[in-house]
Amino acid sequence: MAHSPKITIIGAGGFVFPFRLIGDLLSFPALRGATLSLMDLDAGRLDRVATAARELVDHHGLPTVVEQTTDRRAALADADFVIITFQVGGVESYRHDVEIPRRYGVDQTVGDTVGPGGVFRFLRSVRAYQDIAADALEVCPDAQFINYANPMAMATAYLNALGLRTVGLCHSVQGTTRMLARTLGVPYDEVSYRCAGINHQAWILDFRRGTEDLYPRLRQVMAERHVRGRAAADLLADDGDHSDAALAASTYEGGNEQVRTTLMNHFGYFETESSHHASEYVPWFRKDPATTLEYLPERWDYYEICSSHDEQGDVDEQLERLKADLSPSVEYGASIVNAVVTGVPAVVYGNVPNAGQVITNLPDDACVEVACLVDANGVQPTSFGDLPPQLAAINRTNVNVQTLAVRAVLTGDVEHVHHAVALDPLTSAHCTLEQIRSMTDELLEAHAALLPAALRPASASDAAASSGADRDPVLAH
């Protein structure tokens with residue numbers, strides 16, 4: 001790239017994650033001459049992050065320009081890279097995602113990927129994505145978009161459908177492979193692996209140290225350590241921030257992995273997202289409170305974590321750490337920007353459209369997670385071929401939910417929202433179709449003000465039309 005890049009972060013005022021991404025970008029020498037355009041609709045939150053970013057730049061004596069604005073179009077103008085890192089509706093909307101399904105017996109400990117929580121987190125973000133795309137296609141049509149917003153597969157698929165060149169990024173592959181290496185006592189830089197699937201449900205298909213296949217030992221160690229009904233002790237607490245490499249087993253990952261170990265025992269391979277997450281994507285582990293406790297002896301509840309964050313304190317702590325050591329986290333975003341700017345190749349695991357069959361036994365309209373080569377030509381997914389058939393079968397149960405939710409938005413057919421929730425494995429394990437329809441109707445009412453007009457209940461659409469709500473900006477956070 002012949003010029004200094006403009007890197008725009010939409011949702012820059014969010015909980016500590018956007019600021020950690022800024023630290024990642026500044027850790028690469030080739031990116032220190034960039035312009036960082038920080039955009040958020042909440043001016044107070046934005047100012048907190050922008051102030052910390054300028055303090056970090058000044059501390060290290062960098063030439064980086066830090067801009068802040070609440071004007072989305074201005075932030076996007078002439079951007080080379082756009083990073084999306086927001087959720088629409090904030091904790092209050094998230095509360096509906098988890099509390100309404102719980103009344104029907106559907107207990108989501110995360111609720112941001114599939115299921116009723118994932119579907120509605122996506123649907124209430126659609127208007128924001130549409131507004132971003134409308135501006136971007138005019139003022140930065142060639143920008144590389146990097147999506148960090150969940151639900152990853154739905155959001156990334158939809159952003160690409162809107163015409164934005166988008167890769168979706170997560171830290172589950174990096175976190176899981178590090179956890180497995182740590183569990184086996186193998187230095188991470190000596191490990192090689194191959195992975196593919198969908199976000200939060202990809203599969204470690206090879207795990208090696210040189211020519212040694214580590215899977216036989218992994219199966220033995222995990223089976224001995226993670227036994228149904230037996231809780232681990234002396235685990236590190238977890239605050240929901242998983243961008244840095246973990247030092248030891250925690251309440252989130254590595255401590256109680258009965259769910260993922262059971263999946264490996266029955267289907268042959270280890271999954272890439274924590275047992276808490278993984279338990280939501282299949283019908284077997286959250287049948288009732290007693291069964292859930294056998295597989296997950298200590299509850300990890302992301303809604304409760306999000307509700308209790310000290311946002312200023314979190315940014316202050318991260319700032320001091322980055323002043324002392326400006327080194328990158330395990331996140332891939334800055335590596336992508338650096339590889340495109342410098343032409344020095346990098347390999348990341350990214351979420352991309354399966355069009356052209358990147359994974360040949362998953363549907364064309366799926367969004368898949370595979371290894372991608374990144375260089376001056378951009379993000380280039382590698383062709384994987386077939387997953388083991390039992391793994392593809394599990395993935396398809398989640399792809400059904402994801403593609404129907406996206407189709408609901410593309411067609412304006414609210415029935416596809418009902419179809420998506422009804423086909424969720426956890427929901428269908430607990431509810432009748434009549435109960436699922438009632439629950440989905442409640443969620444449509446609860447989120448009506450943030451939904452696309454075509455998907456709102458009739459009463460909410462009439463109210464929005466009379467109040468002019470359709471013309472108001474969609475609030476991020």
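Modeller: Contact here means heavy atoms within 4.5 Å. The model is predicted: local features need pLDDT of at least 70, side-chain atom pairs count only at pLDDT 80 or more, and totals for chains, interfaces and linings use all residues. Residues are numbered from 1 along each chain as its sequence is written, and side-chain values use heavy atoms, with hydrogens and water left out.

Biologist: Which residues does C170 touch, not counting those up to four places away in sequence?

Modeller: C170 sits in the loop between β6 (166–168) and α8 (172–184). Helices (H or I, at least four residues) and strands (E, at least two) are DSSP runs, numbered from the N terminus. Beyond four places in sequence, C170 touches N199, H200, E273, E331, Y332 and E369.

Biologist: At which residues does UniProt place the feature "binding site"?

Modeller: The record is an unreviewed entry. UniProt positions follow the numbering used here, feature names are shortened, and annotations may be inferred rather than shown by experiment.

Biologist: Is H200 buried or exposed?

Modeller: H200 lies in the loop between β7 (191–198) and β8 (201–209). Buried means under 20% relative accessible area, exposed over 50%, partly exposed in between (1.4 Å probe, protein chains only). H200 has 3% relative accessibility, so H200 counts as buried.

Biologist: What distance does the polar contact between the side chains of H200 and T113 have?

Modeller: A polar contact is a pair of N or O atoms within 3.5 Å; within protein, one must be able to donate a hydrogen and the other to accept it, and residues adjacent in sequence count only if both atoms are side-chain atoms. The side chains of H200 and T113 are joined at 2.8 Å.

Biologist: What area is buried between domain 1 and domain 2?

Modeller: An automatic or database domain assignment sets the bounds: domain 1 (6–169 + 312–381) and domain 2 (172–299). Buried area is the accessible area (1.4 Å probe) that two parts lose on being put together, summed over both. Carbon and sulfur atoms give 48% of the total, which is about 2,100 Å².

Biologist: Which residues of domain 1 lose the most area to domain 2?

Modeller: In all, 28 residues of domain 1 are in contact with 25 residues of domain 2. Three residues of domain 1 together give 30% of what that side buries: V330, Y349 and E369.
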